[in-house]
Amino acid sequence: MTTEAGASADVVGPDQPKPLEEEELPTGLAGVWARTWLNIRTGNLGPLPIIIGEIAVVIIFGFTATNFFTAVNFTNLINEMAGTAMLAFGVVFVLLLGEIDLSIGYLAGIGALIVAELQLPGSGHQLNGILAMLIAVAAVALIGGVQGSIVAFVGVPSFVVTLAGFLIWQGVILNKLEQRGTIIIQDRWINYTDSYAFSHLAGYLIAAILTLLYPLTVLYKRIAARGTHIAQQNWWGVAARTIGIALAAFGTVAIANHGKVIATSLGLPLSAVILVFFFILLTFIAKSTTFGRHVYAVGGNAEAARRAGINVPRIRVLVFVISGATAAIGGIIFASQVNSVALTFPPGNLLLNAIASAVIGGVSLFGGRGEVRGALLGAVLIGTLQNGLNTLNVSNGWIYIITGLVLLGAVTLDTFGRRLQQRAGR
Amino acid sequence: MSDAPLLQLRSLSKSFGSVQALNEVDFEVRPGEVMALVGDNGAGKSTLIKCVAGTHAPDSGQILFEGKEVHIHGPKDAAQLGIEVVYQDLALCDNLDVVQNMFLGRETNRFQILNEAAMEFQTQETLKSLAVTTIKSVRQPVATLSGGQRQSVAVAKAVQWNSKLVILDEPTAALGVAQTEQVLALVRRLGEQGLGVVLISHNLHDIFETADRITVLRLGRDVGIFERRATTQQAVVEAITAGLPTKVAGIPSTAGPETAA
């Protein structure tokens with residue numbers, strides 16, 4: 001045996017190793033179909049069922065509800081679901097860790113309350129609306145951080161900490177608003193977050209930028225991987241996805257531009273742009289940063305993550321900070337919808353809708369599995385469902401029952417898919 | 001094979017309360033050598049590797065690495081020296097793919113943004129250099145791998161950081177025959193590439209297939225170092241069950257009151 005003391009492991013041994021097996025699937029358009037079919041057969045459905053579900057819901061309501069299929073209702077729908085989707089983004093991160101945050105509904109309320117208080121004219125502390133929003137988001141993120149610290153450093157289960165938060169922040173809102181009733185928001189910047197509509201041209205420009213973003217990232221990855229023989233996405237798949245994004249983006253803008261309330265023409269709502277911005281930002285954080293990778297690692301196997309030198313408590317705290325921040329942003333969007341913060345805040349079943357959105361979108365409650373896009377798709381489905389049922393004048397009771405059944409159905413389908421996947425050894 | 005030891009433990013002792021887990025143990029590994037560490041349950045194998053890995057601090061004795069005395073206060077210190085431990089439960093994240101596991105906690109990044117291409121390339125190179133050919137795609141989740149493949153990933157993960165000493169805790173437990181062969185071949189290759197390897201195992205058959213030397217621990221003491229070529233399984237079994245301490249005088253050779261846990 002020859003010895004090279006201290007030789008590193010990446011020195012190739014004398015015997016020439018066999019190269020790693022290449023992907024056996026065909027290339028070109030056939031490859032896209034082969035891959036898709038393989039995924040379906042083995043139960044790896046991805047977002048397919050939820051997209052099909054969404055299409056079905058749209059078709060059903062399109063035929064049954066008279067004023068569902070209108071441009072005005074479409075922009076309404078975007079505004080309604082934007083807040084829920086923002087909260088659901090935060091839920092994804094918390095669930096990825098295998099934790100839960102029950103306080104986000106009332107944290108959204110606290111965010112809205114802070115904004116409303118800071119913009120109050122004649123209060124002596126009136127601030128510019130943008131500054132007020134930044135302070136509110138930072139403050140609620142800090143609250144999230146405190147709750148997360150109790151989970152991470154003291155070791156109290158997140159369910160308990162955030163249940164306490166649920167009660168505490170509900171109490172704070174009650175104390176603040178019991179006598180005042182409602183705080184009206186007059187600052188135009190704050191109200192813009194939900195009601196501002198872009199001009200028709202600006203809308204199409206935004207759609208064009210969005211459409212270009214995806215192929216450009218793919219191109220960048222190819223350049224980064226030059227000369228490394230790393231498997232790349234199929235060009236046909238990239239083209240198909242780009243067309244899909246273009247259809248969605250331009251379609252959204254076209255419908256929104258078409259809307260008219262009395263004489264004023266509508267346009268792409270700012271809330272949609274805010275939503276897409278945070279969707280891209282949080283997807284990037286989850287998928288392409290060291291932090292995001294560590295979130296998945298801690299959720300998958302916290303002990304392995306700790307042994308790998310990852311600062312697990314730090315990851316936990318930061319995730320609750322994100323959860324707080326997204327809750328505050330969602331809360332501000334909701335408040336600007338009604339230009340006020342009232343005792344009835346947060347609206348409806350905000351907390352449960354947000355968690356249901358993430359879970360319908362395929363995010364596991366046990367940690368380590370799920371994507372930000374799942375929360376968006378889930379929120380779109382729940383939003384469409386509830387909006388459609390509302391336009392049909394269905395009672396609130398039935399809306400809850402149907403939402404519950406959809407949640408149960410989506411998770412059941414996901415569970416079956418997972419079992420199929422395991423059987424197929426994938 | 002050079003005779004200067006890579007890792008040398010001198011009179012290492014460690015006790016937990018009244019339990020003497022290690023009692024003046026001497027141990028050494030040379031570069032390019034597979035040193036097996038055997039002993040019955042409670043012989044002190046785990047305590048010994050935890051002292052080297054920095055999980056436990058020894059009560060007394062010296063740890064010498066590459067001839068210099070070192071103090072290892074945690075897994076990070078150990079990694080800095082080039083010591084990597086592959087634990088029995090592997091410490092892999094099932095939900096992450098092979099590349100993500102290989103770089104867990106040490107991701108290649110610029111401004112916190114991951115460089116996936118570099119990591120995937122490096123993973124392929126490392127697996128090639130270890131002749132691990134059974135893994136189809138480095139982008140498949142670890143959950144989908146077989147036990148042997150998982151063990152290979154865990155070992156590859158340990159050696160890709162220019163490590164000099166790799167400690168493997170029961171790498172073939174719970175593996176089938178073919179997969180055991182795979183992993184043992186990988187262990188031999190590590191030695192051939194010049195790394196020091198400590199192989200902890202209950203399976204004497206595995207040890208006689210891979211190890212160059214065998215250190216036997218019994219009740220917290222080292223009771224013998226055997227050259228594999230010059231010994232038999234029977235001699236090793238005898239040492240495991242009834243071995244006498246080689247150097248300590250004045251202490252009864254059979255079990256004292258300080259039966260290690």
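Which residue is the bridge partner of Arg10(B) in strand 4 of chain B? The partner is Gln62(B). The model is predicted, so local features are given only at pLDDT of at least 70 and side-chain atom pairs only at pLDDT 80 or more, while totals for chains, interfaces and linings use all residues. Residues are numbered from 1 along each chain as its sequence is written, and chains are lettered from A and ligands numbered from 1 in the order in which they are written.

Helices and strands are DSSP runs (H or I of at least four residues for helices, E of at least two for strands), numbered from the N terminus. Two strands count as paired if DSSP finds at least two bridges between them. Strands of a sheet pair through backbone hydrogen bonds, either parallel or antiparallel.

The pair Arg10(B) and Gln62(B) belongs to the contact between strand 1 (residues 7–16) and strand 4 (residues 60–65) of chain B, which run antiparallel and are joined by five bridges. These strands are part of an open sheet of four strands in chain B, with the order 2-1-4-5 and antiparallel pairing. Its edge strands, each pairing on one side only, are strand 2 (19–29) and strand 5 (68–69) of chain B. Helix 1 (residues 45–53) of chain B packs on this sheet and touches strand 1, strand 2 and strand 4 of chain B; the direction of the helix makes about 65° with that of strand 2 of chain B. Contact here requires C-beta atoms, placed from the backbone, within 7 Å; axes are lines fitted to C-alpha atoms, for helices over the stretch in contact, and angles run from 0 to 180 degrees between N-to-C directions.

Strand 1 of chain B is also joined to strand 2 of chain B, by seven bridges, and the two run antiparallel. Within this pairing, Leu9(B) stands opposite Phe27(B). The two strands form a hairpin with two residues between them, and Gly17(B) in the turn has a positive phi of about 60°. Strand 2 of chain B contains Glu24(B), which is not a glycine but has a positive phi of about 50°. Glu24(B) has 19 other C-beta atoms within 10 Å and is partly exposed; a residue is buried with 20 or more such atoms within 10 Å, exposed with 12 or fewer, and partly exposed in between, C-beta atoms being placed from the backbone. Gln112(B) likewise has a positive phi, of about 70°, although it is not a glycine. Gln112(B) lies in the loop between strand 7 (109–110) and strand 8 (113–114) of chain B and is partly exposed, with 13 C-beta neighbours inside 10 Å.

Another open sheet of chain B has six strands in the order 6-9-10-3-11-12, with mixed pairing. Strand 6 (83–86) and strand 12 (221–227) of chain B are its edge strands, each pairing on one side only. The twist from one strand to the next averages 20°. Strand 6 and strand 9 (residues 165–169) of chain B run parallel and are joined by four bridges; Val86(B) stands opposite Leu168(B) in strand 9 of chain B. Helix 8 (residues 233–242) of chain B lies across strand 3 (34–38), strand 11 (213–218) and strand 12 of chain B, at about 25° to strand 11 of chain B.

Chain A is divided into domain 1 (50–55 + 65–196 + 269–420) and domain 2 (197–227 + 238–268), with bounds from an automatic or database domain assignment. The centres of the two domains, taken over C-alpha atoms, are separated by 24 Å. Their contact takes nine residues from domain 1 and 11 residues from domain 2 of chain A. On the domain 1 side, helix 3 (71–96) and helix 10 (270–288) of chain A are the elements that give two or more residues, and helix 3 of chain A gives the largest share, four residues.

The largest nonpolar core has 183 residues, and those with the most contacts inside it are Val92(A), Val115(A), Ala328(A), Ala375(A), Val52(B) and Leu199(B). Both domains of chain A give residues to this core, so it lies between them. Such a core is a set of buried Ala, Val, Leu, Ile, Met, Phe, Trp, Tyr and Cys residues joined through C-beta atoms within 7 Å. Leaving aside neighbours within four places in sequence, the contacts of Ala328(A) include Leu107(A), Gly111(A) and Val140(A).

Helix 5 (residues 129–154) of chain A has 26 residues and should span 38 Å at 1.5 Å a residue; its end C-alpha atoms are 37 Å apart, which agrees. The expected span is 1.5 Å times one less than the number of residues. Just after this helix, Gly155(A) takes a positive phi of about 90°. The peptide bond from Phe345(A) to Pro346(A) is cis, with omega near -5°, and Pro346(A) is placed in the loop between strand 4 (340–342) and helix 14 (350–360) of chain A.

Notes:
Two residues are in contact if their C-beta atoms, placed from the backbone, lie within 7 Å.
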